[in-house]
Amino acid sequence: YPTKYPTSYPTPGLISGNNMLNGKEHKLKKNIFLGTVKSFSGYQLAFKIKFDKKIGGWGSILHFTADGNNCCGFGQRVPGIWTYTGSTRLHIRTSTTRNGNDGCDPAQQLPLNNWNDIKIQVLDNSQIQIFYNGACVCTYKMGGSVFPSGRKLKVYGGDPWHSAAAATIKDLYYTPLTLAPTPYPTGYPTGYPTKYPTSYPTPGLISGNNMLNGKEHKLKKNIFLGTVKSFSGYQLAFKIKFDKKIGGWGSILHFTADGNNCCGFGQRVPGIWTYTGSTRLHIRTSTTRNGNDGCDPAQQLPLNNWNDIKIQVLDNSQIQIFYNGACVCTYKMGGSVFPSGRKLKVYGGDPWHSAAAATIKDLYYTPLTLAPTPYPTGYPTGYPTKYPT
């Protein structure tokens with residue numbers, strides 16, 4: 001039945017299907033209840049926004065809340081997005097058990113009168129990452145645990161507590177983003193000798209959650225570490241300490257489906273090297289368009305220090321590289337990523353290049369899935385909105 005207070009647009013329950021605005025543009029107004037969704041502990045919220053002008057005070061854009069309140073209880077901002085006063089800089093908040101108003105605010109302002117592509121990624125390990133027009137502009141490892149999946153959230157655009165930003169949004173998508181535990185063992189011990197004799201490590205060293213069994217591994221040429229099953233979307237995380245720079249490509253890790261180097265589909269998923277005379281990383285991962293695609297950060301890594309490396313490849317072909325928690329390279333590759341469930345040989349270093357002069361430890365290979373919504377995002381509401389619109 002109709003809302004208690006007549007409204008011409010939008011009606012409660014507008015959120016439905018894959019595009020939560022049903023392909024429409026939505027001019028932000030104060031206290032517009034868009035509908036309800038079920039929460040995801042890890043999620044990606046993507047939308048486009050065009051600003052008309054800057055306003056005084058906080059400008060509400062989108063607000064997902066579990067209990068219909070503003071701040072700062074657990075689940076009251078999952079997420080909430082505003083503009084700063086007199087600015088188009090975004091204030092992006094998402095609840096954790098440690099801080100109901102945690103988040104990550106990019107320093108940049110967004111331009112007026114242009115469509116801007118915004119992506120907010122919250123992983124279920126409490127990492128938040130913000131992207132503007134494909135570029136990573138803010139990343140932060142929050143404390144505590146994120147809000148759980150399966151809870152009903154009210155969605156506003158804008159919310160009842162602030163003036164609305166002077167802007168229009170479209171192409172609104174809320175989808176699960178999961179850094180899941182490995183659903184099956186990553187290591188399959190091999191009972192046959194390596195093709196090239198090696199004294200260390202033994203095939204099958206890769207097992208359990210830490211693929212090096214808690215050990216440090218000094219990189220050497222043609223060291224077969226073992227096998228894993230592939231994930232189409234994945235996170236590869238490890239720590240590395242360089243002793244020196246070497247001439248020529250320096251192999252660090254190489255995952256290959258058929259045991260060959262380059263550049264067929266699945267031969268680098270991923271492969272990681274240092275540039276000649278440098279500690280700059282060359283990071284490649286296969287797609288159907290380019291068997292040697294990837295993203296190479298511009299920075300060199302310091303010698304004689306442990307550096308925390310994370311490589312994230314989403315199943316929509318987005319690659320993101322993090323050094324010590326900072327996003328240093330992001331790129332939307334073409335084509336499709338290598339599929340899940342295929343056996344991969346893992347080398348550290350590989351048979352085709354000299355090994356980088358470095359030691360690695362804390363090696364983890366886990367699935368990272370930007371999954372389709374497993375149930376409809378919109379639950380049409382048959383009751384009036386709580387606040388007049």
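What follows is a run of questions and answers on this predicted model.

Q: How do you know how confident the predictor is in the protein chain?
A: Go by pLDDT, which runs from 0 to 100. The protein chain averages 85, and 82% of the residues score at least 70. Over residues 1–13 the value is below 50, though this stretch still has 28 contacts in the model beyond near neighbours in sequence. Residues 181–204 also stay under 50, with 48 contacts beyond four places in sequence.

Q: What makes β14 and β22 a strand pair?
A: Pairing takes at least two bridges. Strand β14 (residues 224–229) and strand β22 (residues 343–347) have five, and they run antiparallel. Within that pairing, Phe224 stands opposite Tyr347 of β22.

Q: Which strands does β5 pair with, and over how many bridges?
A: Strand β4 (residues 59–65) is joined to β5 by four bridges, and four bridges also join β5 to strand β6 (residues 90–93). Both pairings are antiparallel. Leu62 stands opposite Ile81 in β5, while Trp82 has His91 of β6 opposite. The hairpin of β5 and β6 has six residues between the strands, and Gly86 takes a positive phi near 60° there.

Q: Which way do the residues of β5 point, and are they buried or exposed?
A: Side chains in a regular strand alternate between the two faces of the sheet. In β5 (residues 80–83), Gly80 and Trp82 point one way and Ile81 and Thr83 the other, and all are buried.

Q: How many aromatic pairs are there, and why is the one between Tyr156 and Trp161 called edge-to-face?
A: The count comes to 14 aromatic pairs. For Tyr156 and Trp161, the ring centres are 6.0 Å apart and the planes are at 65°, so the pair is edge-to-face. The cut-offs behind that are 6.5 Å between centres and over 60 degrees between planes. As for burial, Tyr156 has 2% relative accessibility and therefore counts as buried, whereas Trp161, at 28%, counts as partly exposed.

Q: What makes Phe265 and Phe338 an edge-to-face pair?
A: Their rings are 5.2 Å apart centre to centre, with 65° between the planes. Phe265 lies in the loop between β16 and β17 (271–274) and Phe338 in the loop between β21 (326–332) and β22, so the pair ties together parts that are 73 residues apart in sequence.

Q: Why is Phe265 called partly exposed and Phe338 buried?
A: Buried means under 20% relative accessible area, and exposed means over 50%. Phe338 has 8%, so it is buried. Phe265 has 38%, so it is partly exposed.

Q: Which residues form one aromatic cluster?
A: Phe40, Tyr43, Phe64 and Tyr174 do.

Q: How do you know that a charge sits over the ring of Tyr275 or of Trp306?
A: The distance has to be within 6 Å of the ring centre, and within 35 degrees of the ring normal. The charged end of Arg280 is 4.5 Å from the centre of the Tyr275 ring and sits over that ring. For Lys361 over Trp306, the distance is 4.3 Å.

Q: Why is Gly266 called buried?
A: Its relative accessible area is 0%, so Gly266 is buried. Gly266 is found in the loop between β16 and β17. Not counting residues up to four places away in sequence, Gly266 touches Phe255, Thr256, Ala257, Ser286 and Phe338. Gly266 and Arg342 are 76 residues apart in sequence, with 9.3 Å from C-alpha to C-alpha.

Note on methods. Residues numbered from 1 in each chain as written. Predicted model: local features only at pLDDT ≥ 70, side-chain atom pairs only at ≥ 80, totals over all residues. Heavy atoms only, no water. Helix = DSSP H or I, 4+ residues; strand = E, 2+ residues; numbered from the N terminus. Buried < 20%, exposed > 50% of the residue type's maximum accessible area, 1.4 Å probe, protein only. Phe/Tyr/Trp six-rings, centres within 6.5 Å; stacked < 30°, edge-to-face > 60°. Contact = heavy atoms within 4.5 Å.
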